[in-house]
Amino acid sequence: IRIMIEKNDISSMILWGPPGTGKTTLALLISHLVNLDFRQLSAVSSGVKDVRAVLDEAAHRMKYSGKKTILFIDEIHRFNKAQQDSLLHSVEKGNIILIGATTENPSFEVISPLLSRSRVYVLEELSKNDLLQMIDNALTKDEILKEYKIEIPDRDFLISLSGGDGRRLLNGLELAVKLTDGDDEGKIVLTNEILKETYQTNYVKYDKNAEEHYNIISAFIKSMRGSDPDAALYWMAKMLKGGEDPKFICRRMVILASEDIGNADTNALTMAVNCFNAIDVIGMPEGRIIMGQTAAYLASAPKSNAAYMGISAAMQDVDNFPDTHVPLHLRNAPTKLMKELNYGKEYNYAHSFDNHFIDENYLPEEMKGKIYYKPGELGDEKKIKDRLETLWKNSKNKNYDKED
């Protein structure tokens, strides 16, 4: 960006980052440092008429002076597809250089044609050192704050309240000073109690409709899959604090109970489903107790994805072999004609044999011998594996000892 400014040759760009990381400030800096006309719109308050006026003005300027216009759109993700489409022609013709600022993942929120014509720059959340420097600058250089004798005993606490948002940090600091009386010497001491009262509530970085929603639910699922109940509870707490729908979290636990635990602990799915249903009966905030118990249990349970892998492999074979037929001995024979056609002939009723088992082929001929479900060695699944291997030992239809 610095090189583009020095050459006075700016390309269209999307500035993507959390609130308070300097997206608008960076766009304004560019506007002051390049020899181009600069127009600013907010996607929250600007309508089609406002956008059209700027685009027409830019086209007129390009036609008669040959100069492009920088159009900065704050919160561009709030523009719908039609509004974003209206920008495309002007960007393609070179009438405008688009600078968009967004807190949302542009892959989801900005249309592909506009995205392909822009560079995406990611602004990271401000670090602790960045925020400490901002505090120092505010106390020593701000026209208002520098006139006070301000002391902040616990700057780390102030930083934690800001959630990495520089704007929130400075606004809260300024408000805390305004609300606090100085001592006899004019010194203002911003204690943790004063700061907490000023900010009212801790900042939880979570947007249940945006990228952070997907990032945190991913961390939650992977923590349970990785058998870390502590991490699972932390991510669950962050989602609940951020206003996530408890039922969404519970649905994910039901899926995990089957996909990642399966028959290694057959109680897991029952517990997850009961948790989902309990939220309707109990509601929040008490429902968090049941959700926490369930997440801790699922994370601590033995793991197996054998059933998940089995159904996935079976569905793949159904795609690969769509024309298989049910063997005659397994077919239903409710009519005389079907019986004459040997439907159900020579079918062996399993309960009539020892251990309620008979060595039989239950698959289409093309699939004969296939093993989709391969139980693991953990929890209840070890018992299932041992039983299946015992039943099918010396079978002419299956071989559980063979790697398939």
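Reader: How many salt bridges does the structure hold, and what makes a contact a salt bridge?

Author: The structure holds 20 salt bridges. The term requires a side-chain nitrogen of Lys or Arg within 4 Å of a carboxyl oxygen of Asp or Glu. This is a predicted model, in which local features need pLDDT of at least 70 and side-chain atom pairs count only at pLDDT 80 or more, while totals for chains, interfaces and linings use all residues. Residues are numbered from 1 along each chain as its sequence is written, and side-chain values use heavy atoms, with hydrogens and water left out.

Reader: Why is the pair of arginine 2 and glutamate 6 called a salt bridge?

Author: The closest N and O atoms of arginine 2 and glutamate 6 are 2.9 Å apart, and the limit is 4 Å, so the pair qualifies. The two residues lie four apart in helix α1 (residues 2-6), and therefore about one helical turn separates them. A helix here is a DSSP run of H or I with at least four residues, numbered from the N terminus.

Reader: What makes aspartate 156 and lysine 128 partly exposed?

Author: Buried means under 20% relative accessible area and exposed over 50%, with partly exposed in between (1.4 Å probe, protein chains only). Aspartate 156 has 41% and lysine 128 has 44%, so both fall in the partly exposed class. Their side chains meet in a salt bridge at 3.1 Å, N to O. This pair links distant parts of the chain, 28 residues apart: aspartate 156 belongs to helix α8 (residues 155-162) and lysine 128 to helix α7 (residues 128-141).

Reader: How do you know whether lysine 385 is buried or exposed?

Author: Lysine 385 has a relative accessible area of 19%, so it counts as buried. Its salt-bridge partner, glutamate 377, at 2.3 Å, N to O, is partly exposed at 45%.

Reader: Why are helices α12 and α13 called roughly antiparallel?

Author: The axes of α12 (residues 229-241) and α13 (residues 246-261) come within 10 Å and cross at roughly 150°. Axes are lines fitted to C-alpha atoms, for helices over the stretch in contact, and angles run from 0 to 180 degrees between N-to-C directions. Angles over 145 degrees count as roughly antiparallel, so the term applies to α12 and α13.

Reader: Which residues of α12 and α13 meet?

Author: Met236, Met239 and Leu240 in α12 meet Pro246, Ile249 and Met253 in α13, where contact means heavy atoms within 4.5 Å.

Key:
Parallel < 35°, antiparallel > 145°, perpendicular 65-115°, else oblique.
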